[in-house]
Amino acid sequence: MSGKLRQSPSIGFDVGPAGGWGSAKSVGEILLREHVPVAGPSLLKHQNKPEGYMCVSCAWAKPAKVHPLEFCENGAKATAWEVTGRRTDPGFFAAHTLSELEGWLDHDLEEQGRLTHPMRWDAETDRYVPVGWQTAFEEIGRELRAVPPEAAEFYTSGRASLEASYMYQLFARIYGSNNLPDSSNMCHESSSVGLPESIGASVGTAILSDFQNCDCIFYIAQNVGTSSPRLLHDLQDAVDRGVRVVTFNLLREPGLERFVNPQAPSQMLTGRQTPISDKYYQVKNGGDIAAMFGVCKALIEADDARRADGATAVSGMDARPQDPSNAAALAFAASVAAADTKHVLDHDFIEHHTAGFETFAAAARKYGWEELERVSGLTREQMTEAAGIYAASDAVLMVYGMGLTQHLMGVENVHMVANLALLRGNIGKPGANICAVRGHSNVQGQRTVGITEKPDLVPLDKLKELYAFEPPRWEGHTTVDACKAILNGQARAFISLGGNFLRAAPDTVALEAAWRKLRLTVQIATKLNRSHLVHGEIAYLLPCLGRIEIDEQAGGPQAVSMESSVAHFHGSRGRAKPASPELLSEPAIIAGIAKATLSRGNVPWDRWVADYSQIRDAIERTYPETFKDFNRRLFQPGGIPRPLPARERKWVTGNGKANFITPGRLFPEFPAEASAQDVLHLATLRSNDQFNTTIYGYSDRFRGVDGTRQVIFMNADDIIRLGFANGDMVDMITVLEPQTRREVLGFRIVAYDIPKGCCAAYYPETNPLFPLDHHSPKAKTPSYKLLPVRLVRSIQVPAN
Ligand SMILES: Nc1nc2c(c(=O)[nH]1)N[C@H]1C(S)=C(S)[C@@H](COP(=O)(O)OP(=O)(O)OC[C@H]3O[C@@H](n4cnc5c(=O)[nH]c(N)nc54)[C@H](O)[C@@H]3O)O[C@H]1N2
Ligand SMILES: Nc1nc2c(c(=O)[nH]1)N[C@H]1C(S)=C(S)[C@@H](COP(=O)(O)OP(=O)(O)OC[C@H]3O[C@@H](n4cnc5c(=O)[nH]c(N)nc54)[C@H](O)[C@@H]3O)O[C@H]1N2
Ligand SMILES: [Mo]
């Protein structure tokens with residue numbers, strides 16, 4: 001440990017609203033703690049503004065009409081964390097061996113501050129020692145040339161710019177590899193697989209104005225107050241207009257309940273709180289397919305009943321209700337009629353735009369309410385009530401996050417969101433679209449410029465023509481595949497453009513052991529993390545500029561670009577003085593390694609590094625429609641909209657239709673041992689004081705937890721039923737694959753508002769519990785939101 005003693009934890013205190021004074025206080029504290037230079041606070045004025053820099057935290061939309069301060073608590077924290085006055089310099093590395101640092105906590109490692117010099121691991125002293133950039137590039141190039149391209153992995157975390165990402169994938173492909181696993185594989189890959197099948201778009205179709213044009217929002221499995229607080233402004237404005245927000249979430253999240261805008265002085269002074277969710281339905285984790293089936297069933301059966309009544313006879317469609325005497329269905333139909341809704345379902349849309357409706361409707365009719373209630377954790381009344389609100393709305397926006405995608409049935413979850421939208425034509429019209437809230441600030445954009453393991457998604461022939469090389473056509477590795485290749489010894493080299501792979505991926509213990517057998521590990525990073533300490537035979541730690549810093553190249557100061565959650569591209573110009581004169585930009589590091597590695601291709605690496613507008617021209621040449629006039633429009637207020645045919649109701653699917661896709665089941669099939677009485681279903685979450693594996697601190701003020709992260713949130717009845725008491729210490733053990741013991745030790749029980757049978761704890765402390773094969777079969781997204789675990793009393797002192 002780094003030897004810092006913290007005060008004893010405080011748990012269960014009263015939580016304030018999202019935003020408000022708590023948020024302002026939290027920003028002030030971190031600016032102070034991080035020794036942010038005086039320019040820090042004025043720097044924030046440029047955050048998310050045209051000609052300013054784009055926030056390094058989440059990917060939420062950047063509006064054309066900006067507020068004076070266009071940032072949130074967590075965006076300000078992310079900025080402070082990057083422009084910190086603290087440094088992890090050669091002196092620090094001289095003082096600590098890597099074996100010693102391996103005992104440190106994630107927070108304590110990153111807290112040391114920004115990396116300042118390129119470093120190489122020295123086997124003799126077990127320390128990182130300074131190395132020249134050119135020497136580093138040459139050895140990395142030599143090592144890469146010595147391994148077959150299939151044995152090298154090129155990981156990206158979703159922060160790198162479009163320019164750096166484009167160069168990185170091009171380098172990997174000219175080298176001969178499609179092994180481009182990225183953080184997106186662990187994140188929204190279920191969307192990238194599910195949405196194209198349903199609506200022919202690989203990303204959400206919503207844009208910012210949809211929040212102004214909708215009259216209802218279904219808000220599913222996303223924690224807005226922590227993960228994308230700027231979105232709260234759009235929700236608040238919508239609620240002020242009378243929009244009804246219907247929330248489906250495992251936990252009661254304060255950010256989804258009430259909000260005080262910390263940037264509106266009147267609200268801060270009066271403490272005016274906007275209630276966000278009109279209805280809050282607490283589903284069990286993994287219960288969303290059943291919940292959405294319940295809503296769809298209520299709609300479909302009400303429609304059946306109305307048409308059986310002759311109210312809206314539509315030719316050619318089956319009008320027989322499954323259960324015409326069903327009182328609830330009829331009462332619901334009456335409420336819909338009272339709401340003066342023309343149709344319960346949009347038959348015109350279904351007929352002209354979709355396929356698969358009958359199969360889907362038959363499945364919805366067939367599921368019994370009892371089963372839907374048991375699996376979802378909601379009552380029939382709740383699902384019917386949600387259906388009533390849905391049917392009474394003209395334009396419904398579907399917003400969702402990780403609580404849907406990180407599941408064994410993540411792709412099916414995404415299909416169900418689309419199915420529900422299609423029932424009433426809630427897609428491709430103002431206010432009605434699907435909004436997949438993305439995580440990292442450019443994770444969506446990276447895929448747009450070719451960071452993907454799937455060769456079919458990249459214009460390989462175009463790359464061949466532009467750069468005179470033969471691109472590899474084989475399917476590359478996702479994150480899970482990369483882990484497998486590391487475990488079975490097939491992978492020899494791992495290059496990481498940002499991120500903290502070892503902490504973010506599943507099966508930590510096995511992966512760490514295998515990771516040490518890699519021949520080469522290269523980490524391009526801003527701050528020290530665990531993936532830099534556990535390392536290969538030859539290991540480099542290469543420090544780079546952050547996005548907030550001035551990026552001076554031969555052609556002058558450079559701008560970069562990224563894509564937001566609502567598919568708009570934005571330019572970003574760094575404003576802060578670099579943390580160290582030794583830092584290189586990500587494009588410069590990629591070019592340095594590429595030049596030292598490749599003997600083919602005709603990429604003008606040096607010219608690109610001198611002037612990033614030339615990289616943007618190359619991106620435009622590769623994707624002419626998506627990036628039309630890219631350089632000219634780079635700082636266009638509100639960003640450059642990316643063309644999305646589904647927004648215009650053009651369905652780029654196999655059959656040219658939007659597809660109802662019927663999930664084969666409601667819930668994943670687990671082996672018998674997972675249904676024992678003492679098994680709970682674990683979901684792993686973020687606290688309000690972290691960005692992924694970056695732990696800013698130990699305060700999750702929205703959930704009333706301060707001073708520790710070693711907690712497990714449980715239903716009060718479960719605590720008693722399992723023979724524990726609130727505050728007891730437990731270990732968690734994975735129930736699946738019992739032949740391998742996967743456990744984490746020393747977690748404090750916190751009684752919480754969570755459905756029975758479910759529990760929640762923070763990531764990444766819980767990642768050792770996840771078996772590598774526990775993922776969506778199609779998307780390979782790890783099932784981080786659903787894992788059967790067992791608890792035993794602990795004798796362990798908590799690690800943090
Ligand atoms: N401050 C901050 N901002 C971030 C990040 C961060 O770590 N910190 N991370 C960034 C990244 S990479 C991402 S991907 C996003 C993540 O942002 P989110 O999508 O909000 O992800 P999580 O924090 O994992 O929380 C998921 C939410 O889903 C709920 N949930 C869990 N399981 C289920 C379920 O089965 N069904 C339903 N209906 N709900 C469920 C949880 O209660 C929680 O509210 O945020 C991005 N922004
Ligand atoms: N159990 C569980 N596991 C999860 C999740 C979960 O919900 N539960 N969520 C998953 C999700 S959604 C995601 S996106 C992944 C995140 O996985 P990653 O993206 O791999 O992890 P991060 O924690 O975002 O990476 C943090 C590191 O990035 C580096 N960094 C920061 N800024 C920069 C920069 O500008 N350039 C470079 N080169 N490096 C930089 C710093 O060194 C920092 O230590 O984790 C996944 N893992
Ligand atoms: Mo993510």
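Colleague: Is Gln222 buried or exposed?

Modeller: Gln222 counts as buried because its relative accessibility is 7%. Buried means under 20% relative accessible area, exposed means over 50%, and partly exposed is in between, with a 1.4 Å probe and protein chains only. This is a predicted model, in which local features need pLDDT of at least 70, side-chain atom pairs count only at pLDDT 80 or more, and totals for chains, interfaces and linings use all residues. Residues are numbered from 1 along each chain as its sequence is written, chains are lettered from A and ligands numbered from 1 in the order in which they are written, and side-chain values use heavy atoms, with hydrogens and water left out.

Colleague: Where is Gln222 found?

Modeller: Gln222 is in the loop between strand 8 (216-220) and helix 11. Helices (H or I, at least four residues) and strands (E, at least two) are DSSP runs, numbered from the N terminus.

Colleague: And what does the side chain of Gln222 make a polar contact with?

Modeller: The side chain of Tyr219, at 2.6 Å. The Gln222 side chain also reaches the backbone nitrogen of Val224, at 3.2 Å. A polar contact is a pair of N or O atoms within 3.5 Å; within protein, one must be able to donate a hydrogen and the other to accept it, and residues adjacent in sequence count only if both atoms are side-chain atoms.

Colleague: Which residues does Gln222 touch, not counting those up to four places away in sequence?

Modeller: Ser227, Ser228, Asn249, Leu256, Tyr400, Gly401 and Val437. Contact here means heavy atoms within 4.5 Å.

Colleague: On to ligand 1. Which residues come nearest?

Modeller: Asn249, Glu253, Asp288, Gln690 and Asn692, out of 29 residues around ligand 1. A residue is near a molecule or strand if one of its heavy atoms lies within 4 Å of it.

Colleague: Which elements each supply at least two residues of that shell?

Modeller: Helix 11 (224-227), strand 9 (244-249), helix 20 (402-405) and strand 26 (690-691). Ligand 1 lies between domain 3 (190-436) and domain 4 (672-793), because both give residues to its shell. Domain bounds come from an automatic or database domain assignment.

Colleague: What lies 2.9 Å from a nitrogen atom of ligand 1?

Modeller: A backbone N or O atom of Thr226. An oxygen atom of ligand 1 is 2.8 Å from an N or O atom in the side chain of Lys785, and a polar side-chain atom of Arg686 lies 2.9 Å from an oxygen atom of ligand 1. Taken alone, ligand 1 exposes 920 Å², and the protein buries 99% of that. Those areas come from the Shrake-Rupley method with a 1.4 Å probe; for residues, only the protein chains shown count as cover.

Colleague: Now ligand 2. How many residues are around it?

Modeller: There are 31, and Glu110, Tyr155, Glu586, Thr693 and Asn767 come nearest. The side chain of Glu110 has an N or O atom 2.7 Å from an oxygen atom of ligand 2. A backbone N or O atom of Ile524 is 3.0 Å from a nitrogen atom of ligand 2. On its own ligand 2 exposes 930 Å², of which the protein buries 97%.

Colleague: Which domains give at least three residues each to the shell around ligand 2?

Modeller: Domain 2 (133-186 + 442-636) and domain 4 (672-793). The C-alpha centres of domain 2 and domain 4 lie 33 Å apart. Their contact takes 17 residues from domain 2 and 17 residues from domain 4.

Colleague: Last one. How many residues of helix 3 are buried?

Modeller: In helix 3 (residues 73-82), 10 of its 10 residues are buried. Among them are Lys77, Trp81 and Glu82.
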